[in-house]
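Below is a short report on a protein model and its ligand. It covers the ligand site, then the salt bridges.

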Amino acid sequence: MRVVVVGAGVYGAAVAAALARRGAAVTVVDGSAPGSGTSGASFAWVNSRNKQPLHYHELNVAGMAAHRQLAAEVPLGDWYHGGGGLTWGGTEVRERVDALRELGYAAEVVTRAEAMELEPGIDPARLPDDGIGYFPDEGWVEPVRLIGHLLARGVQLVTGDAVVAVDLRGDVVRGVRLASGVEIGADAVVNCAGAKAAEVAAMVGLTLPMSNLRCLLVYTSPVAVPLARVVHAPDVHLRPEGDGRILLHSGEIDRNGEVEKLVHAAASVYPGIRHATVESVRAGERPIPGDGLPVLGRVAGVRNYFFAVSHSAVTLCLHVGGLVADEVLGEERDELAAYRVERFGQA
Ligand SMILES: Cc1cc2nc3c(=O)[nH]c(=O)nc-3n(C[C@H](O)[C@H](O)[C@H](O)COP(=O)(O)OP(=O)(O)OC[C@H]3O[C@@H](n4cnc5c(N)ncnc54)[C@H](O)[C@@H]3O)c2cc1C
């Protein structure tokens, strides 16, 4: 079975690795370089803290488990970082902890002293007396290193050459044509083109409504701050980013682009951050299908064309990659039933 996967982000890499493991001959084509799309500019928090409805929560929980399992299996699989997530602010933390615990998600309310034990670099004055949540099973990923691992075995890679057309005859795809003019024959094509998935869907006449969102991430210089996990404070979200760098994000910076204000907010939580400078600011485009939920798996109208497109793909990629690979190889997966492209109303 010859499969062409369009896009070498976390989804393309995970689908390709799962297909290769199942014996398919896989070619991954990327118009740029692996990991150069949204996966290379992501907060990459592995979680299911606020995912609705229930089936989507469960899909994300399965995604979290798949990351822990892969990292445990692969020697030096240290692109995955556990350590849980810490959050405070707002009255809803306790309610969220209770609701998640009912679903079996590891969640607890911790005291200020316990939070300081976990994150001794925080200014204790910034922590409330009550309403600090800790979620031990969460983590974060270095997506580009994960992609490198997934593409390393049994996958043919074509880079710097975009797919510009799909050869569709009747309801069957026969291959793809690249910008260079090269044609690649295929028994199946998987659309993992992230924020550009609608363009690749249009190549087989499918409409994929997308509401992508452009966001900003701020990377500090290396700084000796003992930040060890994903932390969501009221005005700033933080996580480690290798060699002492810290990655900062907030909903507000996506709206106002005020980088200095975000760094100031971070330094008011972790005073040591005042010694950092801004090393880079990256824009990432969240790939978001029209109703916010993933578009995954087989398509009713085109027999051998498949999707793996969503937000939260860093969390989902390993688990979903396996399910999509099963469908490509002819085994329909009930777990994907809620995520068909047909829900947007096409035949
Ligand atoms: C600021 C921000 C924060 C985020 N935080 C989180 C988070 O905390 N947790 C989480 O799980 N998710 C998070 N996400 C979402 C997550 O990063 C994305 O869902 C994920 O990276 C998408 O991966 P992908 O493989 O679908 O797309 P991409 O990584 O964009 O890969 C798609 C690839 O397709 C290629 N391509 C496109 N068109 C073509 C074509 N015609 N031919 C060939 N190649 C093509 C591109 O070059 C690209 O490399 C965040 C995103 C952003 C922007």
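## Model and ligand shell

This model is predicted. The shell around the ligand has 37 residues, with Asp30, Thr38, Ser39, Ser42 and Trp45 coming nearest. By class, 19 are nonpolar, 14 polar and four charged.

Several elements build the shell. Helix 1 (10–21), strand 2 (25–30), strand 14 (213–220), strand 18 (278–286) and helix 9 (313–328) each give at least two residues. Domain 1 (2–42 + 144–208 + 290–344) and domain 2 (82–137 + 212–286) each contribute at least three.

## Backbone contacts and burial

A polar backbone atom of Gly31 sits 3.0 Å from a ligand nitrogen. A ligand oxygen lies 2.9 Å from a backbone N or O atom of Thr38. For Val314, a polar backbone atom is 3.4 Å from a ligand oxygen. The protein buries 94% of the 1,000 Å² that the ligand exposes when taken alone.

## Salt bridges

The whole structure holds 21 salt bridges. Glu252 and Lys261 form one of them, at 3.0 Å from N to O. Glu252 is partly exposed at 32% relative accessible area. Lys261 is also partly exposed, at 47%.

Arg298 and Glu332 pair at 3.1 Å, N to O. This bridge links distant parts of the chain: Arg298 is in strand 19 (residues 295–298), and Glu332 is in the segment after helix 9, 34 residues apart. Arg298 is partly exposed at 26%. Glu332 is partly exposed at 49%.

Glu332 also bridges to Arg340, with the closest N and O atoms 3.8 Å apart. Arg340 is buried, because its relative accessibility of 8% falls under 20%. Shared partners join Arg298, Glu327, Glu332, Arg340 and Glu342 into one salt-bridge network.

Definitions and conventions. Residues are numbered from 1 along each chain as its sequence is written. This is a predicted model: local features need pLDDT of at least 70, side-chain atom pairs count only at pLDDT 80 or more; totals for chains, interfaces and linings use all residues. Side-chain values use heavy atoms; hydrogens and water are left out. A residue is near a molecule or strand if one of its heavy atoms lies within 4 Å of it. A polar contact is a pair of N or O atoms within 3.5 Å; within protein, one must be able to donate a hydrogen and the other to accept it, and residues adjacent in sequence count only if both atoms are side-chain atoms. Accessible areas come from the Shrake-Rupley method with a 1.4 Å probe; for residues, only the protein chains shown count as cover. Helices (H or I, at least four residues) and strands (E, at least two) are DSSP runs, numbered from the N terminus. Ala, Val, Leu, Ile, Met, Phe, Trp, Tyr, Cys and Pro count as nonpolar, Asp, Glu, Lys and Arg as charged, and the others, Gly among them, as polar. Domain bounds come from an automatic or database domain assignment. A salt bridge is a side-chain nitrogen of Lys or Arg within 4 Å of a carboxyl oxygen of Asp or Glu. Buried means under 20% relative accessible area, exposed over 50%, partly exposed in between (1.4 Å probe, protein chains only).
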